[in-house]
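Reader: I would like to learn how features are read from a model of this kind, one at a time.
Author: Then let us look at it together and take each topic in turn.

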Amino acid sequence: MTTLSPESPGASPPGATVLTDHGALLSFLTEVFAGRGVPPGRAAEAARALCHGDLTGMDSHGVANLARLYLPLLDEGRADPRAEPRILADLGAAVLLDADRSLGLWAAPEAMDLAVRRAESHGVGLVSVRGATHLGCAGHPALRAAERGLVGVVASNCGGQRIARPPGGAVTMLGTNPLAVAAPAGAHPPFLLDMSTTAAPTGRVRQAAREGRSLPEGLLCDDSGAPVTDPAEFDAGRAHLRWLGGEVGRFKGFGLGLMVEVLSAVVSGSGRGPHADALAGDGGPGGRDDDIGFLLLAIAPDALREGARADAEDLFGAVAACPSLDRDRPVRYPGWHEHHRMRERAAHGVPLAADLYAELVEVAAREGVPAPPVSGEVR
């Protein structure tokens, strides 16, 4: 067993993993965001949103993005640490917000909280947001609605950033355009679907490149449509993201991506991927993920009829009871494994790659805050 201290970030072998206490990691992240001018309560909210990725196993959307995405957004002035979202239109059940370049990590959960409050009064609450920045895992704000007994839906475009081409297209037009849905399931773990509409998010591709891993076929392709498994080819401009559905069903993923663009950008008036500017592209990724649009929807089924909660429990219970072909791999639904992983990691430690932990130690030194201590061994 080897232990790693904040003072010895290079002490681990390649590929090693360390455990950090969840509370200590949240405190560290909160201090870093607060040190950049984010108000304390919102800094804590941003920390929870960022750590959600590591708790659920979506490591590509967790603290790995602190130094790669969120601190640069603040440093470059693309995100305003003290921004105050403004209500532009309020119809009771539907609200339009200008996020004013606020950090999406806290702006999206706050907007969902507003949607939940409106749904509790009207049966449904819709908050449309423009002028936002990257929200992290779309499942995090969606789950906030489920925790209050409501169905939560989150859609986000990528502002003016263009990463994926339409099927048969020669230029990029859309981002990864994530979509998330969460719902309570009674005594069972909440349902949580959190996905990009491309076959993989860019974070997963870049994480594989950092770790020197190949990708399975079906995620990337070259200009001719041939599969690419080397993730480094993506940032080199020689590979492109595929859509969900594979070669045969790619129009389904592309259609979902456009649907997210409509829900998040057309409704809110945010920046759009499909725009005349995109037509001048050279075929590779272009634009910037500024002026992102969100749609946050909360639905209160019990406001419409009695018995919805019991039906949801029966629904997900039936799915989990489905006989499996492999006794060692029982049937589960989206959100089941994430729920149990979150509880396990919150209680016993959040695993971080040793090289990522070393990055956090460097951030701590630069920001003048304590690094989160290692609570377990390198595994």
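Reader: Does Ser264 count as buried or exposed, and what is the relative accessibility that decides it?

Author: This is a predicted model, in which local features need pLDDT of at least 70 and side-chain atom pairs count only at pLDDT 80 or more, whereas totals for chains, interfaces and linings use all residues. Residues are numbered from 1 along each chain as its sequence is written, and side-chain values use heavy atoms, with hydrogens and water left out. Buried means under 20% relative accessible area, exposed means over 50%, and partly exposed is in between, with a 1.4 Å probe and protein chains only. Ser264 has 0% relative accessibility and therefore counts as buried. Ser264 lies in helix H8, residues 246–266, where helices (H or I, at least four residues) and strands (E, at least two) are DSSP runs numbered from the N terminus.

Reader: Which residues does Ser264 touch, not counting residues up to four places away in sequence?

Author: Contact means heavy atoms within 4.5 Å. With that sequence exclusion, Ser264 touches Val129, Ala155, Ser156, Asn157, Ser270, Gly293, Phe294 and Leu295. Toward Asn157 there is also a polar pair, since a polar contact is a pair of N or O atoms within 3.5 Å; within protein, one must be able to donate a hydrogen and the other to accept it, and residues adjacent in sequence count only if both atoms are side-chain atoms. Here a polar atom of the Ser264 side chain lies 3.1 Å from the backbone nitrogen of Asn157.

Reader: Where is Thr198 found, and how is its side chain placed relative to the backbone oxygen of Ala200?

Author: Thr198 is in the loop between strand E7 (188–195) and helix H6 (202–211), and at 1% relative accessibility Thr198 counts as buried. A polar atom of the Thr198 side chain lies 2.8 Å from the backbone oxygen of Ala200. Leaving aside neighbours within four places in sequence, the residues in contact with Thr198 are Ala164, Gly175, Thr176, Leu241, Arg242, Trp243 and Leu244.

Reader: Which side chain forms a polar contact with that of Asp289?

Author: The side chains of Asp289 and Arg78 are joined by a polar contact of 2.6 Å. Asp289 is in the loop between H8 and strand E11 (292–299), and its 11% relative accessibility means that Asp289 counts as buried. Beyond four places in sequence, Asp289 touches Leu69, Arg78, His134, Cys158 and Gln161. For Gln161 the sequence separation from Asp289 is 128 residues, while the C-alpha atoms are 4.6 Å apart in space.

Reader: Which residues touch the most other members of the largest nonpolar core?

Author: A nonpolar core is a set of buried Ala, Val, Leu, Ile, Met, Phe, Trp, Tyr and Cys residues joined through side-chain atoms within 4.5 Å. The largest one has 39 residues, of which Phe28, Leu29, Phe33, Leu66 and Leu103 touch the most other members. Two or more residues are given to this core by each of helix H1 (22–35), helix H2 (40–56), helix H3 (66–75), helix H4 (104–122), strand E12 (350–353) and helix H11 (354–367). H2 provides the largest share, seven residues. A second, separate core of 29 residues includes Leu97, Leu114, Ala182 and Phe294.

Reader: How are H2 and helix H10 placed at their packing?

Author: Two packed helices are described by the angle between their axes and the distance between the axes. Axes are lines fitted to C-alpha atoms, for helices over the stretch in contact, and angles run from 0 to 180 degrees between N-to-C directions. H2 packs with H10 (residues 336–348) at an angle of about 105°, and the axes are 8 Å apart. H2 and H10 are therefore roughly perpendicular to each other, given that angles under 35 degrees count as roughly parallel, over 145 as roughly antiparallel, 65 to 115 as roughly perpendicular and the rest as oblique. His52, Asp54, Leu55 and Thr56 in H2 meet Glu338, Arg341, Met342, Arg345 and Ala346 in H10.

Reader: What are the phi values of Asp100 and Arg101?

Author: Phi is near 55° for Asp100 and near 70° for Arg101, each a positive value in a residue other than glycine. Asp100 is in the loop between strand E3 (94–98) and H4, and is partly exposed at a relative accessible area of 31%.
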